[in-house]
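Please open the structure in your viewer and keep the selection tool at hand.

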Amino acid sequence: MSRKKLFLMLILGLFLISTNVISIEIETAERLLNEDNQDILQRGYAAYSEENFAKALEYFFDYWQTQRDDYNALYFMALCYNQLNNPELAGRFFLEAKKRTRTQFSKENSERNFSNVWEEEAFQVYRDEVFEIIDSRERERGFMSYHEITSKIRYRTILPDDFDPEKEYPVMIFLHGHGGSPLNSSTLSEAFRENDIIFIMPQAPYPWEITIRRTTNFSWMIVDFDEGDYNDSHSIVLTQNYITSLNHSLREQYNVSSFYLSGFSQGGYQTLSIGLQNQDIFDALICFGGGLALPEFLIPENGEIPVLIVHGESDMVVTFETGVDAYERLKAMGYNIELFPFDGAHEMSHEIIEKAIEWMMFR
């Protein structure tokens with residue numbers, strides 16, 4: 001074979017390889033662009049809860065491709081590698097997760113979560129570096145204090161189609177989840193608007209500072225992981241006062257036929273805590289993917305307020321058992337309560353919302 005032919009064949013081969021690589025890159029890009037990132041993440045949680053760790057790892061890896069700074073995906077990848085007994089990669093992803101967040105990873109929790117690889121030398125190298133970062137940040141940051149002031153907090157209102165200010169309407173206050181905002185909850189409002197329900201989405205009062213999104217995310221309680229103030233009791237009381245005050249304000253603005261309180265995840269916890277202690281100003285409560293954190297001595301017995309618990313059976317963020325526990329505890333206390341389990345994870349869909357509206361209107 002002549003050198004010229006050999007050279008042409010080499011050029012053709014390189015062209016075909018290059019074309020194939022480009023084709024693969026385009027296919028990968030199109031797949032990642034067309035997939036729902038949150039759906040991928042929820043599938044990862046579901047696979048992890050089913051102990052299919054290899055499959056969960058695939059989902060978390062796909063999600064990570066478009067959310068490279070998401071510490072949660074990195075952390076769950078580390079947990080998957082722990083379950084798959086790969087100390088090197090468990091350690092590397094554990095360290096990368098820590099670099100991307102100020103969330104405090106305690107030694108006690110980490111030892112439990114990485115029990116399969118904790119004593120492995122390949123993991124210990126990364127583990128020690130994680131705790132060096134924690135110690136360094138503790139030396140640099142000083143200490144946190146809080147000062148209470150009067151403030152203005154916004155809320156978003158979506159009115160029914162063809163709203164008539166002279167007409168009576170049901171009002172629904174919806175409390176977003178931890179790390180959410182009224183902006184990313186507005187897509188849930190369509191079904192309420194179409195069913196002639198005034199839909200109110202208040203913004204939680206406390207910014208969640210470890211957000212990775214472009215918009216600020218919020219919490220219904222002070223969440224300073226570095227300080228250990230995850231369930232700051234005083235901030236919870238202030239939130240309850242905020243929602244009850246908003247209730248009274250809305251009654252002055254609109255002709256209210258009935259008043260409902262609902263929430264998702266952390267907002268679901270707050271729904272039960274606030275609503276059960278203020279049954280005189282709400283007609284029903286709907287808890288989506290949340291639980292009951294209120295001590296029983298603060299819950300009135302034989303309460304007449306109807307309660308609906310809606311929870312995904314494969315929820316990894318707030319377990320399905322948490323929702324069942326809330327249902328069983330309130331049922332035992334004499335409450336008019338229903339449980340709606342669905343085949344899904346920590347999520348809200350239009351089907352779930354329609355179910356809740358049906359329960360509201362026809363109970």
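Select Ser189 to begin. In this predicted model, Ser189 has a relative accessible area of 3% and is therefore buried, since buried means under 20%. Ser189 sits in the loop between β2 (169-175) and α8 (190-194).

Next, select Asp196, in the loop between α8 and β3 (198-202). Asp196 is partly exposed, with a relative accessible area of 28%. Examine the backbone here as well. Most residues other than glycine have a negative phi. Asp196 is not a glycine, yet its phi is positive, about 60 degrees.

Now display the whole chain. How many helices and strands does the secondary structure of the chain hold? There are twelve helices and nine strands. Of the 363 residues in the chain, 46% are buried. The chain exposes about 19,700 Å², and carbon and sulfur atoms supply 49% of that area. Consider also the contacts with a separation of 6 or more: 69% of them are between residues 24 or more positions apart.

Turn to helix α2 and select residues 37-49. The helix has 13 residues, and at 1.5 Å a residue it should span 18 Å; the C-alpha atoms at its ends are 19 Å apart, which agrees with that expectation. Which residues of α2 are buried? They are Asn37, Ile40, Leu41, Gln42, Gly44, Tyr45, Ala46, Ala47 and Tyr48.

Glu51 has a positive phi of about 65 degrees although it is not a glycine.

Select Gln67 next, in the loop between α3 (53-66) and α4 (71-83). Is Gln67 buried or partly exposed? Gln67 is partly exposed, with a relative accessible area of 26%. Then draw a distance from the C-alpha atom of Gln67 to that of Asn37: the two atoms are separated by 8.6 Å, although the residues are 30 positions apart along the chain. Asn37 was among the buried residues of α2.

Move to Gln266, which is found in helix α10 (residues 266-277). At 7% relative accessibility, Gln266 counts as buried. Select Gly179 together with Gln266. These residues are 87 positions apart along the chain, and their C-alpha atoms are separated by 9.0 Å.

Proceed to Asp325 in helix α11 (residues 320-332). Asp325 has a relative accessible area of 35% and is partly exposed. Its C-alpha atom is separated by 7.9 Å from that of Leu292, a residue 33 positions away along the chain.

Beyond this helix, select Tyr335, in the loop between α11 and β9 (337-342). Is Tyr335 buried or exposed? With a relative accessible area of 3%, Tyr335 is buried. Show its surroundings: leaving aside residues up to four places away in sequence, Tyr335 touches Leu276, Gln279, Ile299, Pro300, Asn302, Gly303, Ile305 and Leu330. One of these contacts, Asn302, deserves a distance of its own. The C-alpha atoms of Tyr335 and Asn302 are separated by 5.4 Å, and the residues are 33 apart along the chain.

The structure holds one cavity of 30 Å³ or more, and the largest cavity has a volume of about 30 Å³. Which residues line the largest cavity? Select Phe264, Phe288, Gly289, Val310, Gly312, Asp315, Phe342, Ala345, His346, Glu347 and Met348 to display its lining. These lining residues divide into six nonpolar, three polar and two charged. Colour the lining by these classes to complete the tour.

Key
Residues are numbered from 1 along each chain as its sequence is written. This is a predicted model: local features need pLDDT of at least 70, side-chain atom pairs count only at pLDDT 80 or more; totals for chains, interfaces and linings use all residues. Side-chain values use heavy atoms; hydrogens and water are left out. Helices (H or I, at least four residues) and strands (E, at least two) are DSSP runs, numbered from the N terminus. Buried means under 20% relative accessible area, exposed over 50%, partly exposed in between (1.4 Å probe, protein chains only). The expected span of a helix is 1.5 Å times one less than its number of residues. On a 1 Å grid over the protein atoms alone, a cavity is a set of points where a 1.4 Å probe fits but cannot get out, and a pocket is an open set with protein on both sides within 12 Å along at least five of seven lines; lining residues have an atom within 4 Å of a point. Grid points are joined across faces, edges and corners, and a volume is the space filled by probe spheres set on the points. Ala, Val, Leu, Ile, Met, Phe, Trp, Tyr, Cys and Pro count as nonpolar, Asp, Glu, Lys and Arg as charged, and the others, Gly among them, as polar. Contact means heavy atoms within 4.5 Å. Accessible areas come from the Shrake-Rupley method with a 1.4 Å probe; for residues, only the protein chains shown count as cover.
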